[in-house]
Amino acid sequence: MAAIPDLYQCLANDLDKYIFDHLQPNVDILKQVKAAVDTICAFLKENLYRDHPSKTKVLKIVKGGSSAEGTSLREGSDADLVVFLNSIQSYSHHESKRKEIIEEIQNKLEEFQHQESFEVLFERTKWDNPRVLSFRLRSKRVTEFIDFDVLPAYDALGQLQKGRKVDPEIYVKLIQNWSSGQNFSTCFTELQRDFIVSRPAKVKCLIRLVKHWYKKKLTGKKLPPKYALELLSIYAWQKGSGEQKKFNMAQTFRNFLELICNYKNLCVYWTENYNLEDNSVLAKFIRDQLAKPRPVILDPADPTGNLGEGYNWEAAAREAEKCLCQMKNKTSSGQTLLWDLTPTLPEPLIRKNPLRPSLTPEPPDQEQSSRCTIL
């Protein structure tokens, strides 16, 4: 596979072509990846805990990751498979039973590679109670390795009904069982996936560009999670272009970089699945989350997930500033100049001591699918 040209040598007005030529995956490869993911899902549904004395059954398997969201890069695909079992009946079971379930899944997948023409390479874990089984898979039909994460989870959502908002009581139960340091986001994988899947195709191309930038340019320890940057990409599009399907890729990418540079003042949350008017317990919890030190980026599927907390945003901001200084734009006369595009984000909302428990925050606009406060 030919090397991808350096992003920083790409002219701003050529970004769409850069994504199409170098980042967009081949359609045939996508079909092969989908077939491999479907094969793994079908095998686990049919064989996991089959004839096991515990009578454990698979309730459903939810597909996540870039292959399910439609944001795969040409250089590699990843798939998250979240396995919901009837034996995981609570959030406490979610933590206490996952080790034995992951061991059972690995045993079955080792059988699987002997039955099918697949090569499976398991990643060794350093954790006593791992939350995920990671492996790489390749077949005769799929020339590139696919990275898989398989995660057992508690079925907190049950049967989701398309177009209907999540029952606030589901989040109340989550909050009552959650404590700092715990992570139950896998229970809400369907909502995380659907939040990205629902975006226009060009927004997914923007996410590809951001993921490529993350992969090739960011260095350091404890970098922000890719999911956080995907969410900021969506926000940069929502607020910078008014959620238009047709938008200027370079302008919106610049908006994204400006958000990263401004991380110390960043507070972002969406109201598609929960908001400050749903329930008193939920509203207080969200207020407390939004009052935390910046950056705050709440997972739109899981209000306990603050994706801005505990990561090295300074490293990302330094690289974003470098990108802004290096990328160039070509004028109508053919001259190459530094990128002269200006951000199109709305003016920041400035208030003192915002969203403290003693204050009543401004309620979100119910007509909007997202809300961001930059403080």
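**Helix packing in the predicted model**

Helices H9 and H10 are oblique to each other, a class that holds the angles left over once those under 35 degrees are taken as roughly parallel, over 145 as roughly antiparallel and 65 to 115 as roughly perpendicular. The axes of H9 (residues 226-241) and H10 (residues 249-261) come within 9 Å and cross at roughly 120°. Axes here are lines fitted to C-alpha atoms, for helices over the stretch in contact, and angles run from 0 to 180 degrees between N-to-C directions. The crossing of H9 and H10 is right-handed, that is, the near helix is turned clockwise from the far one by less than a right angle. On the H9 side the contact (heavy atoms within 4.5 Å) involves Leu229, Leu232, Ser233, Tyr235, Ala236, Trp237 and Gly240, and on the H10 side Thr252, Asn255, Phe256, Leu259 and Ile260.

The structure is a predicted model, in which local features need pLDDT of at least 70 and side-chain atom pairs count only at pLDDT 80 or more, while totals for chains, interfaces and linings use all residues. Residues are numbered from 1 along each chain as its sequence is written, and side-chain values use heavy atoms, with hydrogens and water left out.

Glutamate 258 lies in helix H10. Its relative accessible area is 22%, so glutamate 258 is partly exposed; buried means under 20%, exposed over 50%, and partly exposed in between, with a 1.4 Å probe and protein chains only. A distance of 9.1 Å separates the C-alpha atoms of glutamate 258 and alanine 236, which are 22 residues apart along the chain.

In H1, Leu15, Asp16, Tyr18, Ile19 and Leu23 meet Lys202, Cys205, Arg208, Leu209 and His212 of H8.

Helix H5 (residues 98-115) has buried residues at Arg98, Ile101, Ile102, Glu104, Ile105, Lys108, Leu109 and Phe112. These residues lie on the same side of H5, because they cover an arc of only 160° around the axis, taken from the directions from the helix axis to the C-beta atoms. They pack against helices H2 (27-47) and H4 (91-96) and strands S2 (77-85), S3 (118-122), S4 (133-139) and S5 (146-153).

Overall, the protein has 12 helices and 11 strands, defined as DSSP runs (H or I, at least four residues; E, at least two) numbered from the N terminus. Of its 375 residues, 51% count as buried.
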